[in-house]
Structures are given as C-alpha cells and as structure tokens.
Amino acid sequence: MSIYLLANVGTRDVQLSSLDELPPELIANPKTGQLKARLAGDYLLQKEQFLRFLPYIRLPMIDKALRQLQVDQWADLRLVLFATDQDESVAAFYRDGDTINFAHLIREVLFERYHRNGLTKKQIEVKRSKSNPADYDLMYDFYREELPVIARRITEPAPAYLLIAGGTPQMNTMLLLIGTETFGPDARPLYVAQESDRAHDLDITRTLYQRAFLRNTDTLLRAYAYGFALELLRNNAAYLESDQVLLLESALEYAIARRNLNLEGALRAFDATLARSRSLRGTIRSFQQEMTDQSETALLRETIFLAQIAAETSNWADLLARLHRFSEGCMQLLAERLGVQWSDATTRSSYKQEWWNTNRALLATLNLAKPEPPAPALETQERRVDRKNLRQIVAALATGVEHETIRKALSELELVDKPIPLRNDIVHRFSPISQEEIEKKAHASIETLLKAMRQTFVYAFDLVIADETPYVALNRLCADMLKGQK
C-alpha cells in the first residue's frame, strides 16, 4: 500500500550541523543557523558542495515525519514537496526566502540516504508555487489546483499525511484545509514540535470533518432530504461511534420508508438496532408504534404530513399531488361508509353494476356528466369514477342526521379541491407553478389549505392529528443521536 507524505518546505527545513565552512553571505541568521533558502540551496546543490556538506545537512521536519511514518517498504513512499519560487519581479528580500532549491536539495539528500532501501527520485515530487506564500487567497488557489491532481492518482485507499510544519502559516493552513477536504478520511495531519524527535498526529481532521458533517446533516434534515443524509452518514461513518452510526442509519431508513408511504418498512427499520438504544428507546418505540396502523386512513394521515413538508420546502407540484390524493382518498372511504360499491375494490375505477342499478333513481337526480373515453369497456363508461361524480354521490347519500360529520368533511374538501386543477397545467403544458398561483386558485393561503386537510381528517375519521409533523420530532431524534445519545 502506498503512503503519501505531503509537506510544505520552509526556510528552516534544511539546516547544517556546522556553519564553519559555509560562505557567510548564505546565512540569514548566524545565531539560529537559518540559511538564505534560495542562495544556500543553490550553493549546496552544486555537486562538489553537496558531497562536501552532505554529512552536515539536517532535515528536521522531514526526518521527524518519516520516523513517525515508520516506513518499512521505501518503494511504497510517495513524497510531495510544496515550495515557493516567486517571479524575478519580486523584491530580492522576499525571493531569497523562496524554498524551491531547498525542495530539490531535500530530494537529493533523501535519495542519497535511502536509495539502497528502494527509494527512487521518481517517488519524490516537487511542486512549485510562483505566488506570494503570505497571501491566503493565492495559497487557497494553489492547493485547490494541486491537491486534487495528486488525489486522482490514488487508485486505492491510502493514507495521505499532511506535514504542516514547514512553509508559511498561509501554506500550512491551506494544506490542512484543502488537504482534509480532498483526501477525506485518508488525510492524516502531522505536526512537528521542536522538543520532540518525531512528528505526531493531529486530531484536527476528524474534528473538522465531524463538524462539517454535523452542519451538513442538520441542513439535510431540515430539508427532509433523508436519502442524502443517509449517504452522507455512510461516507463519514469513520468519524462517529459505531452504535451512533447504526442508530442514525435506522432513523434515516425509517424516515425514508415513511416518506415513501412504506409503513411496513418504517415499522421494521429499528428492529435490528433497538437493543443498542438506552435513553432514546422510548422515543424510538413511539415512532414504531405509529406505524402499527397501516390502514388507508393512516396513509391519508401521512399524506397530510407530506403536504406540509411539500409546502415547507416549496415543492408546489408535490403539494398539488398530495391535495389530489387526499381529496380522492377521503371521498372514496366516505363513499364506502355510505354503501357505495366498486367493480374492483383495488382500483375503484368504476361503480359496481349491481349497486349502480339499485341506485339509479337517486343517481338520475344528480347532474352527473358522462365521463369521456378512454374507459375499461363501453358498458362501464357511465359508471366510471371521478372526483366530481364521487362528490355528488357522497353528498346525495349523506343526508341523514348521523351524516353531519361527513357533510362537514365534504365542505372542508371544497377548499382542498380548488387548486387541484393546476396539476393538469403541470402535467400537460409544462406550466410553471408557484405558491402565488396555488393561493390565487384556492382563494386561500397555503396555511389555510393545510388546515382544511386536517379538519377534513377530523370530521371524516373522528381522529385528531397533531399540528407538528412526525418528521420534526424525527429530526430531533436524529439530532440527539448526533450528540451521542442512544
């Protein structure tokens, strides 16, 4: 397995154990032993000087990093050195500090030391930046361009160690930030302390990714984008505890199943992980309990919740679809309560012939427009079900005192029905849809439409429905799991 070490080269990355024989004009600070990187590097790269000073050359940052990596197979090492090489138009004071020659010198020194162990010069690559290394924006652009190129070479999982000790603070900051973004869980930041003889790992990558994951997950949860949240979780599972990941997966799978009206799938979503929960177990069981009722009435309740989500997320086409399905479903169940029979109870596409014949006298008093073809067969065209004739039939049958709540439900559904014709504009004419268009068609606000759905449900089924959708509570459960609760 390859090991990548990405290192910024700074002015202190090459040192000499003795400055006695070095020309003084190559020394930036005699007290600290710091060299003028460009000039000293050029001098030491000369073959004669290189061989002469090789025993005295020290690489404090790189050597400590290599000791930390504990490289066994030197043929597996891939070393990338980032150095500065500003244009000649830059003042000599700044250009003298450029580290491009130091980078090439490091390459030669490492090859001289380890080529017998299998290290080749091809394994050591020098990347030069011609920009000002003290400019955060320019360093951002530099690493944003270079690091993805390196990452694309990695064809299998491999650690990418980021040595953030040499170079300017701006270079180190961007190597860390862009490096963790580019290499993800494989990024391993290293830092070299002066008092230590080896580099040590930093936890900053896990912290950065964990915080980014939490922010992104929160955004996805508020958008009810549970599928994307699940994908994000699985891609970042390494930054969370195993039980935490499993419980979150179950919660998101529950949400995905419930949003898709797969109530059985939602019921089973927590089965494999419930035993791992503790303080949240009661909440999880309450979510499971909500799925034990899988009747059509329960599905209509879920349709109200989905309509609320559609409105909250400005998904107006979906809102119209939910209004249509809710209206049709409510009237179908009310019709069955009043004795209406279908030719096929599954499709409910036409009224049963025997029922139709029995009720012809009542039906004749209604203004039932004949449905236009296509129809299953010519003899059923007259009996084909649509929302208009179904409403009239339910109203005609619900005349008794005991049918008061049905009449109230139909009254509330009148408001729900008003904007539904806009669906045809979307399906057949690519017409744009908006909140304003729906409210104009309904002569009511979206909030009032949703309230009418809820009131219809109360009247039709004598069941109270909470104002808050279960998805808000489900998001709170996920947030608790993200905090480490289980």
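## Close-up views of a predicted model

**Figure 1. Gln170 and its partners from elsewhere in the sequence.** Leaving out residues up to four places away in sequence, Gln170 touches Pro133, Ala134, Asp135, Tyr136 and Met139. The model is predicted. Gln170 sits in helix H7, which covers residues 169-183. Is Gln170 buried or exposed? Its relative accessible area is 13%, so Gln170 is buried.

**Figure 2. Tyr43 in helix H1.** Helix H1 runs over residues 37-45 and includes Tyr43. The relative accessible area of Tyr43 is 16%. The cut-off for buried is under 20%, so Tyr43 is buried. Which residues does Tyr43 contact, beyond its neighbours within four places in sequence? They are Leu22, Pro23, Leu26, Gln49, Arg52 and Phe53. Tyr43 and Ala165 are 122 residues apart in sequence. Their C-alpha atoms are 24 Å apart in space.

**Figure 3. The buried residues of H1 and their cover.** Tyr43 is one of the buried residues of H1. An α-helix has 3.6 residues a turn, so residues three or four places apart point the same way. What covers the buried residues of H1? The cover includes strand E4 (34-35) and helix H2 (47-53). It also includes helix H4 (92-95) and helix H5 (100-114).

**Figure 4. Asp76 in a loop, with Met1, Ser2 and Ile3 among its contacts.** Asp76 belongs to the loop between helix H3 (60-69) and strand E6 (77-84). Its relative accessible area is 26%, so Asp76 is partly exposed. Neighbours within four places in sequence aside, Asp76 is in contact with Met1, Ser2, Ile3 and Gln123. Asp76 and Ile3 are 73 residues apart along the chain. Their C-alpha atoms are separated by 6.0 Å.

**Figure 5. Two loop residues with positive phi.** Most residues other than glycine have a negative phi. Tyr224 is not a glycine, yet its phi is positive, at about 60 degrees. Tyr224 is in the loop between helix H8 (204-222) and helix H9 (226-235). With a relative accessible area of 4%, Tyr224 is buried. Leu261 is not a glycine either, and has a positive phi of about 60 degrees. The loop that holds Leu261 lies between helix H10 (242-259) and helix H11 (263-268). Leu261 has 31% relative accessibility and therefore counts as partly exposed.

**Figure 6. Cys330 and Cys478.** Cys330 has 0% relative accessibility, so Cys330 counts as buried. Cys478 also has 0% relative accessibility and counts as buried. How many disulfides does the structure hold? The number is zero.

**Figure 7. The whole chain, as context for the close-ups.** The chain contains 22 helices and 10 strands. Its C-alpha trace spans about 120 × 50 × 40 Å along the principal axes. The radius of gyration is 36 Å, whereas a compact globule of 486 residues would have one near 23 Å. Of the 486 residues, 48% count as buried. Among contacts with a separation of 6 or more, 70% join residues 24 or more positions apart. The accessible surface comes to about 24,600 Å². Carbon and sulfur atoms hold 49% of that surface. The chain has 61 positive and 65 negative charges, and their mean positions are 2 Å apart.

Note on methods:
Residues are numbered from 1 along each chain as its sequence is written. This is a predicted model: local features need pLDDT of at least 70, side-chain atom pairs count only at pLDDT 80 or more; totals for chains, interfaces and linings use all residues. Side-chain values use heavy atoms; hydrogens and water are left out. A disulfide is a pair of cysteine sulfur atoms within 2.5 Å. Buried means under 20% relative accessible area, exposed over 50%, partly exposed in between (1.4 Å probe, protein chains only). Helices (H or I, at least four residues) and strands (E, at least two) are DSSP runs, numbered from the N terminus. The radius of gyration is taken over C-alpha atoms; the globule rule is 2.2 Å times the number of residues to the power 0.38. Contact means heavy atoms within 4.5 Å. Accessible areas come from the Shrake-Rupley method with a 1.4 Å probe; for residues, only the protein chains shown count as cover. Lys and Arg count as positive and Asp and Glu as negative; His and the chain ends are not counted. The place of a charge is taken as NZ of Lys, CZ of Arg, CG of Asp or CD of Glu.
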